[in-house]
Amino acid sequence: MRRGWKMALSGGLRCCRRVLSWVPVLVIVLVVLWSYYAYVFELCLVTVLSPAEKVVYLILYHAIFVFFTWTYWKSIFTLPLQPNQKFHLSYTDKERYENEERPEVQKQMLVDMAKKLPVYTRTGSGAVRFCDRCHLIKPDRCHHCSVCAMVNNCIGFSNYKFFLQFLAYSVLYCLYIATTVFSYFIKYWRGELPSVRSKFHVLFLLFVACMFFVSLVILFGYHCWLVSRNKTTLEAFCTPVFTSGPEKNGFNLGFIKNIKQVFGDKKKFWLIPIGSSPGDGHSFPMRSRNESQDPLLANEEPWEDNEDDNRDKKNVSILSAPGKLTSCSNIILSRRLIISCCGNGNIAVFRFPAFLRKDSPSPSPMRLTELSVGNHCNLQNKSRCWTESFKI
C-alpha cells in the first residue's frame with residue numbers, strides 16, 4: 001500500500017515538473033505575440049505616418065520575425081536523440097549487474113562491456129559512465145536529464161544548432177525593434193506626438209527590447225565561446241575525463257572545425273534552421289585520440305585549419321646517435337612538437353624550443369628537449385635512439 005502511494009506521489013511530481021517546465025516557453029510566446037501586435041499595429045500602422053517608411057519597416061520586421069519564430073520552433077520541438085541500442089545492457093548483462101553486490105566487480109563488468117563501444121570518457125573516479133535509470137552505458141558527452149523525459153526547453157546535440165540560431169535571431173530581432181522604435185520614443189517623450197494608446201505600447205516596447213537584448217547578447221556571446229572551444233556547458237564547468245585522465249581540450253579541433261561540428265560543412269545552411277550537424281550524437285571526433293590519452297601531448301594547441309597541410313610533413317636529417325646521421329621522413333608537426341618516425345624503426349617525440357615556430361626560417365642544428373621514446377626502437381640501448389639534434 002505504501003509503495004503504491006509513493007509511486008503515485010512520484011508520478012504526480014513528475015507531471016507537475018513537466019507542466020512547470022513549459023512556463024518559460026509560454027511566457028516567451030506571450031511576450032513575442034505582444035511585441036508583434038505593438039510593433040505592427042501600434043507603431044507601423046498607427047504611429048508611423050510615411051507610407052514608404054511603413055512598408056520598409058514591415059518588410060524587414062517580418063523577414064527577421066520569420067527566422068526568429070522558425071528557429072524557436074525548431075529548438076523547442078526537435079526531439080532528442082536517444083542512445084543507440086548497442087549502448088543498452090542486454091537482459092542477461094542487466095541481471096548480472098544488478099545481482100552483483102561488489103562495486104569493484106560491477107565496475108569491471110562495465111569496463112568489459114565498454115570495450116566494444118566507441119566510449120572514451122570516464123567519470124571523475126575513472127569508471128565507465130553508466131546511467132542507472134536507463135540501464136545503459138552513456139555515450140561520450142551524453143547526460144541524463146533529471147527534469148524532463150522529452151525536449152521542450154532542453155538543449156542537446158539534435159537542436160543545439162537551432163538554439164544558437166535562435167539566440168542570434170533573437171539578438172537581431174531586439175536590436176531591430178530598438179533602433180526603429182527609438183526615434184518615436186523620443187518624439188513621444190518630448191510631446192511631439194499626441195498622447196494616445198500607442199504611446200504606452202511604443203515606450204514599453206523599447207524598454208522590453210533593450211532589456212532582452214542585453215541578456216541575450218551575454219548568453220549568445222557565452223555560447224559562441226563554447227562553440228569556438230567545442231565545449232558543452234557542463235564541460236565548461238567540469239573538465240571531461242578520458243581514459244588517461246582529465247583533458248579540457250579533448251574535443252577542441254581548431255576554431256573552424258569546431259564551428260563545423262555544430263553547423264556542418266556546407267556554409268549555405270549555417271543561417272537556416274535545417275539539420276546539418278555532422279555525426280550521430282553518439283561519438284564525437286577528438287583533437288587526437290592519441291593526444292587525449294597521452295599527457296605529453298594533451299596541452300599542445302592544434303594548428304589552425306587554414307594552414308597548408310602539405311607543410312606538416314618534412315624530410316629531415318637527424319642525429320640519432322653520436323656521429324651517426326639517419327634520414328627520417330613523415331615528421332608530424334604540431335605547434336611545438338615533432339614526432340620522428342625513422343626508417344630504422346626509431347620513434348620519438350620532441351618538444352620544439354619556445355622560439356622555434358613552423359614558419360621560422362630553416363634553423364641550424366640545435367638541441368631539442370626529449371619527451372618520450374616509442375617502443376619500436378631496434379637498438380638495445382634506447383638512449384641511443386634519442387634524437388639529439390636536427391636539420392631542416
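One cavity of 30 Å³ or more is present in the structure, where a cavity is a set of points on a 1 Å grid over the protein atoms alone at which a 1.4 Å probe fits but cannot get out. The model is predicted, with local features requiring pLDDT of at least 70 and side-chain atom pairs pLDDT 80 or more, whereas totals for chains, interfaces and linings use all residues. Residues are numbered from 1 along each chain as its sequence is written, and side-chain values use heavy atoms, without hydrogens and water.

The largest cavity holds about 30 Å³ of space, the volume being that filled by probe spheres set on the grid points, which are joined across faces, edges and corners. Its lining (residues with an atom within 4 Å of a point) consists of Asn-230, Lys-231, Glu-235, Pro-240, Lys-248 and Phe-251. Three of these residues are charged, two nonpolar and one polar, with Asp, Glu, Lys and Arg classed as charged, Ala, Val, Leu, Ile, Met, Phe, Trp, Tyr, Cys and Pro as nonpolar, and the others, Gly among them, as polar.

Ten helices and eleven strands occur in the protein, taken as DSSP runs (H or I, at least four residues; E, at least two) numbered from the N terminus.

Of the 392 residues in the protein, 39% are buried.

Conventions
On a 1 Å grid over the protein atoms alone, a cavity is a set of points where a 1.4 Å probe fits but cannot get out, and a pocket is an open set with protein on both sides within 12 Å along at least five of seven lines; lining residues have an atom within 4 Å of a point. Buried means under 20% relative accessible area, exposed over 50%, partly exposed in between (1.4 Å probe, protein chains only).
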